[in-house]
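Here's a quick tour of a model with two chains that touch. Have a look at the picture first, then we'll go through it piece by piece.

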Amino acid sequence: MAVNISIRLAWRNLWRHKRRTWLTLGAIIFSNTLLIFMIALQQGSYTMMIDNSLRAFTGHMQVQARGYLDESKMRMVVPDVVQLAGEIRAQLHVKTVSARAMGFAMASSEDRSFGLQVTGVQPQFEPKVSSLPGLVVRGHYLKNVDADEIVIGSVLARNLKVDVGEELTLLGSGYDGSIAAVIVKVVGVFESGMVDLDRAVAQIPLRTFQQVFSMNGAGHSVVIAAPELDIVDQWRQTLSSNISNENMVVLSWDELQPGLKQAIQADMSSAAFMYLVLVALVAFSVLNTQLMSVLERTREFGIMMALGLKPGRLSLLVLSETTILAGLGLLLGLCLGFCITLYLSHAGFSYPGMEEMAGRFNLPSRMYPTISCLSMLLGPSFVFMGSIAAALYPALRIHKLQPVAAMRAV
Amino acid sequence: MKTGIIVTLAWRNLWRNYRRTLIMLLAIVLGVWAMIFMTAMMRGMVDDMLESGIRHLPGHAQLHHPLYRDDPNIVNSVPQLTNHQLKQLQNPAVHQWTSRLKVPAVISSEREVRGIVLLGVQPQSEAAMAFDISQVKEGRWLESDVDKGIVIGAKLAERLETRLGKRVVIMSQDEKNTIAERGFRIVGVYHSNDVALLEELNVYAALGTVQSLLAVEGNVSEIAFNGEDYRNTQPLMAWLKQTDLVLSGGELLPWHEVDSYLGTMMRVMDGFVIVWVLIIFLALSFGLVNTLVMAVFERVREIGLMQALGMKPTLILVQVVCEAFFLLLIGLLAGNALALLTIVPFQSGINISAVSQGMEMFGANSVLYPALKLKDVVVANVVVIVLGVAASILPAWRAASYDPIVALNKN
């Protein structure tokens with residue numbers, strides 16, 4: 001019963017000054033909505049950044065020779081790479097594992113020559129770890145495991161002035177220092193939309209690569225694509241404990257592309273600063289309202305204390321007023337934020353100039369915020385806690401009141 | 001006289017409920033500080049990106065063969081500047097220029113082969129515009145247009161397992177699509193001050209040497225020009241368009257079109273400043289209006305009395321707006337001061353190397369120099385004071401429109 005009265009009192013007190021309460025609520029709702037939208041947008045873009053960058057080529061994890069990541073020298077190899085890829089497939093019970101080898105070659109067409117990185121891939125597994133095979137716009141992706149065929153990016157094709165059906169001469173140096181030379185037929189041209197990738201990537205079947213570059217069965221990496229980021233750590237542990245060769249290391253995406261994770265971290269810390277400022281501003285608003293509402297009720301509190309109410313009860317009253325206020329703001333902010341974010345997660349969101357920016361981070365030119373428990377609740381719960389914390393000072397002030405003096409206060 | 005009284009009244013009213021005023025002030029100070037501080041940090045980052053970006057392009061404007069940007073091949077080159085054109089460039093709008101040959105090439109040492117960008121440069125003007133010679137930590141920078149040596153990055157040297165004084169072979173396609181190759185001695189090794197990626201990519205040789213290697217005497221890939229200020233390429237572009245340069249059929253572009261990412265960055269940053277300032281202001285405005293509404297509400301009887309004694313409603317309105325104005329003004333002063341105090345100690349740069357590779361993705365360095373721009377400070381202050389006063393008009397107007405009798409009788 002007593003609790004019930006407290007809550008009713010709190011509710012009624014809250015609506016004594018309708019305009020003030022609505023203004024404070026407005027501040028809370030505004031921040032909640034904004035935070036929900038911003039965090040959802042961030043989450044959406046980070047996921048896309050990671051996914052697009054990793055699925056294009058790098059994969060979520062790779063097994064490489066120790067030191068290959070830093071120095072990427074031809075002789076730092078993974079021996080019997082195809083067999084290792086097969087073992088990993090069996091260990092993880094997935095098919096998304098593919099072996100690769102990489103070498104540098106001068107590619108010459110009839111008119112042009114261009115130095116480029118040639119990748120040897122397993123035609124049957126590569127489409128499972130990388131999105132490039134699916135992006136072939138002319139011709140088809142590699143089919144045979146040992147054909148003299150090549151698939152290149154569209155910008156590269158344009159620069160080399162070749163198209164599907166024509167031939168390229170590759171000239172490089174092999175694993176043992178011998179000359180590696182082969183004539184390959186362009187069977188496919190892919191277009192990812194990322195100019196750097198379309199200018200740089202050329203793929204031939206792994207077995208062809210191993211023969212041309214005298215690799216003796218070795219390769220440079222085993223690429224593993226994971227269905228989601230969360231599982232990467234677990235897989236990494238499984239693999240690390242299973243790989244017996246001292247010279248091999250298992251690397252996850254944040255080591256393969258450290259820039260990606262750090263770009264996200266840098267963006268997150270500047271965003272966190274903005275969010276904290278917003279939350280602090282709301283807290284000031286609540287502090288102001290609650291302090292005023294306590295001060296103007298000094299006489300009333302004096303009387304209530306004279307009637308035998310403990311200061312603790314009164315503090316609780318003030319805190320429950322704030323809780324109701326912040327709770328209302330939370331609910332309304334959630335509704336509004338949810339609606340706006342839901343709409344934008346379907347319609348997409350764009351900002352002038354975003355297209356050029358997005359291209360740099362492998363993002364599409366429209367962004368789609370991600371609605372999740374985290375993006376919905378993270379911001380609002382900080383606002384809620386900030387509001388309650390702000391009400392502590394006014395609530396505790398009540399303890400200083402002397403009933404008699406308070407009753408006489410103006 | 002009248003205004004004097006109104007101002008005094010407004011000032012005293014402000015301090016009647018000093019707690020409320022102080023809390024509101026704190027909120028304004030925090031808001032203004034955040035506006036200026038955050039903007040200075042972001043500006044610092046973007047300026048750094050732009051400046052190092054322009055240094056790499058290089059130049060505020062560039063002239064290329066129309067096809068070169070899509071297809072950076074030796075075939076797509078333009079003739080070198082003629083004496084007549086050089087004379088035309090003697091104009092205050094043009095500060096510096098340099099010509100370069102820039103082609104993809106392959107470099108090989110005894111151990112390794114790598115793809116690089118071979119830059120045939122004019123050593124003096126290149127050093128003045130784009131390449132900071134102090135980056136050359138071992139050996140020397142190129143000396144003349146026909147210098148026979150090359151300068152490579154330390155990272156590349158490491159990858160190639162080679163070092164100063166050793167010979168490497170550079171191969172590239174010449175104009176007739178035959179592979180031109182030749183040995184070069186490494187005369188200098190540089191450590192890039194900017195994005196580390198370039199250390200692995202850019203190899204510098206003398207323009208004349210590269211021209212003869214690729215059999216394109218008299219041709220260059222790009223001619224870069226610097227004007228007064230990269231933020232305003234108008235005077236530079238205007239003059240260049242008048243010269244004979246355009247007659248050669250080349251494509252003349254300002255930097256923000258050569259690298260659209262950089263150009264966009266500058267515009268997006270301006271947008272960001274406005275959005276950020278407005279968001280903070282909106283969050284503040286709820287509190288501001290609230291404070292004023294309550295201040296008016298408490299004084300209804302008093303306002304009624306003043307009106308009954310003959311004070312015009314306009315003066316009451318002015319008085320409330322004055323209160324808001326003072327509140328905002330003090331908040332702005334303190335906020336600006338606080339922002340200055342927190343930014344000035346960091347003028348020498350904040351080390352953010354923990355995320356350096358991430359910053360590299362943005363195109364920025366691992367040391368962040370906050371850039372306090374007058375323009376941004378003005379935007380923040382103007383928004384707060386103008387919109388703040390505008391927001392205070394509503395409660396002020398309500399106060400002015402009370403009926404004296406009703407107001408006097410209020411509880």
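## A term to start with

A polar contact here is a pair of N or O atoms within 3.5 Å; within protein, one of them has to be able to donate a hydrogen and the other to accept it. Keep in mind that this is a predicted model.

## Chain B by itself

Chain B holds 15 helices and 14 strands. Its C-alpha trace stretches over about 100 × 45 × 30 Å along the principal axes. The radius of gyration of chain B is 31 Å, while a compact globule of 411 residues would come in near 22 Å.

Of the 411 residues in chain B, 55% are buried. If you take the contacts in chain B with a separation of 6 or more, 78% of them link residues 24 or more positions apart.

## Where the chains touch

How many residues of chain B are in contact with chain A? There are 66, and they meet 63 residues of chain A. About 5,500 Å² is buried between the two chains, with carbon and sulfur atoms giving 66% of that area. On the chain B side, Ile23(B), Phe286(B) and Met361(B) lose the most area to chain A, together 12% of what that side buries.

## Polar links and who supplies them

Between chain B and chain A, twelve residue pairs are in polar contact. Several elements of chain B supply at least two residues each to the side touching chain A, among them α2 (18-56), β3 (96-108) and α13 (356-362). The largest share, 22 residues, comes from α10(B). By type, that side of chain B has 36 nonpolar, 17 polar and 13 charged residues.

The interface also has four salt bridges. Asp71(B) forms a salt bridge with Arg112(A), their closest N and O atoms being 2.6 Å apart.

Definitions and conventions:
Residues are numbered from 1 along each chain as its sequence is written. Chains are lettered from A and ligands numbered from 1 in the order in which they are written. This is a predicted model: local features need pLDDT of at least 70, side-chain atom pairs count only at pLDDT 80 or more; totals for chains, interfaces and linings use all residues. Side-chain values use heavy atoms; hydrogens and water are left out. Contact means heavy atoms within 4.5 Å. Buried area is the accessible area (1.4 Å probe) that two parts lose on being put together, summed over both. A salt bridge is a side-chain nitrogen of Lys or Arg within 4 Å of a carboxyl oxygen of Asp or Glu. A polar contact is a pair of N or O atoms within 3.5 Å; within protein, one must be able to donate a hydrogen and the other to accept it, and residues adjacent in sequence count only if both atoms are side-chain atoms. Helices (H or I, at least four residues) and strands (E, at least two) are DSSP runs, numbered from the N terminus. Ala, Val, Leu, Ile, Met, Phe, Trp, Tyr, Cys and Pro count as nonpolar, Asp, Glu, Lys and Arg as charged, and the others, Gly among them, as polar. The radius of gyration is taken over C-alpha atoms; the globule rule is 2.2 Å times the number of residues to the power 0.38. Buried means under 20% relative accessible area, exposed over 50%, partly exposed in between (1.4 Å probe, protein chains only).
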